[in-house]
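Student: I would like to learn how to read helix packing and a ligand site. Can you take me through a case?

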Amino acid sequence: MPQLIAGNWKMHMLRAEAVALAQALRTGAAGGAAELLVCPPFTVLAAVAEALAGSAVAVGGQDCHQDKQGAHTGDVSAPMLRDAGASWVILGHSERRLNHGETSELVREKTVAAVAAGLTPIVCVGETADQRAGGGEAEAVGWQLSGSLPQGFADGPGGVLAYEPVWAIGTGKTPTEDEVADMHAFIRAELVRQFGDAGAQVRILYGGSVKPANAGALLALPEVGGALIGGASLTAADFLAIAGAAARG
Ligand code: PEP
């Protein structure tokens, strides 16, 4: 399976910048070996999906509500994402878990809703700095894994898991290569424990301060099935350089 290079644009980009970035990616992405995905803000998702239609770059949302529709002011459902042109969705990002109080149980409900709407979920897990300092990183990630992933997560085309240490996101800090490899091996074992043979097929992305300079080393580590990228996904040159590293990884 190709490595997946996914860009999380977070709360960046007005329409003109978003479409310009999408067009640059459309041109630059052709022929690469990695699978590419961008997750723009809701407001520009449809415009980005239109700009990338028929290209090598897929489009996803950054979150969705667990219900299909209803009285949920400000929320967006999984079928709405699909309708706007998304085929993927990021769920349980630490910025949602920490800033919006999302529990693993809620992430699991959202994951069920995403799959039901035909979206491929990327479920994020990762320890805080305090948890790692106290040696509790595996326990923290283990709880998130058992709480966030619904039955059937690994079936069929299957969901994707993203390991993103909270302290590495947007900080320029990354775990050592051994730390990334150890955590990915732990996550693989947990996925196989939860889902049997299908758990061996789930791609496990690394996320947290991935840049063109460190992407090659990170993407070459065992059990790293791609990367989830924040800051470096906001410029076509950086995102495509990381995608190029994946192709060689
Ligand atoms: C992220 O928020 O998912 C992320 C990995 O951000 P950054 O690459 O900026 O650390």
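Tutor: Start with one contact. Glu137, Ala138, Val141, Gly142, Leu145 and Ser146 of H7 meet Met183, Phe186, Ile187, Glu190 and Gln194 of H8. Keep in mind that this is a predicted model.

Student: What classes of residue make up the contact of H7 with H8?

Tutor: The contact of H7 with H8 has six nonpolar, three polar and two charged residues.

Student: How do I describe the packing itself?

Tutor: Two packed helices are described by the angle between their axes and the distance between the axes. Now apply that. The axes of H7 and H8, the latter spanning residues 177-195, come within 11 Å. They cross at roughly 35°. The crossing of H7 and H8 is right-handed.

Student: Which other helix crosses H7, and at what angle?

Tutor: Helix H5, residues 104-116, crosses H7, residues 137-148, at roughly 40°. Their axes come within 7 Å. H5 and H7 are therefore oblique to each other. Their crossing is right-handed.

Student: Which residues make the contact of H5 with H7?

Tutor: On H5, look for Ser104, Glu105, Val107, Arg108 and Thr111. On H7, look for Trp143, Gln144, Gly147 and Ser148. By class, this contact has two nonpolar, five polar and two charged residues.

Student: Let me try H1 and H2. At what angle do they pack?

Tutor: Helix H1, residues 15-29, and helix H2, residues 42-52, pack at about 25°. Their axes are 9 Å apart.

Student: Are H1 and H2 roughly parallel or oblique?

Tutor: The angle makes H1 roughly parallel to H2, because angles under 35 degrees count as roughly parallel. H1 passes H2 in a right-handed crossing.

Student: Which residues meet there?

Tutor: H1 brings Arg15, Ala18, Val19, Ala22 and Arg26. H2 brings Val44, Ala47, Val48, Ala51 and Leu52. By class, the contact of H1 with H2 has eight nonpolar, no polar and two charged residues.

Student: Now the ligand. Which residues come nearest?

Tutor: First list the neighbours, then look at atom pairs. There are 14 residues around the ligand. Of these, Lys10, His93, Glu164, Gly170 and Ser209 come nearest.

Student: How far is the side chain of His93 from an oxygen atom of the ligand?

Tutor: An N or O atom in the side chain of His93 is 2.8 Å from a ligand oxygen atom. For the side chain of Glu164, the distance from an N or O atom to a ligand oxygen atom is 2.7 Å.

Student: Where does the backbone come in?

Tutor: Look at Gly230. One of its backbone N or O atoms lies 2.8 Å from an oxygen atom of the ligand.

Conventions: Residues numbered from 1 in each chain as written. Predicted model: local features only at pLDDT ≥ 70, side-chain atom pairs only at ≥ 80, totals over all residues. Heavy atoms only, no water. Axes fitted to C-alpha atoms, helices over the stretch in contact; angles between N-to-C directions. Helix = DSSP H or I, 4+ residues; strand = E, 2+ residues; numbered from the N terminus. Parallel < 35°, antiparallel > 145°, perpendicular 65-115°, else oblique. Left-handed = near helix turned anticlockwise from the far one by under 90°. Contact = heavy atoms within 4.5 Å. Nonpolar A, V, L, I, M, F, W, Y, C, P; charged D, E, K, R; others polar. Near = heavy atom within 4 Å. Polar contact = N/O pair within 3.5 Å; in protein donor to acceptor, adjacent residues only side chain to side chain.
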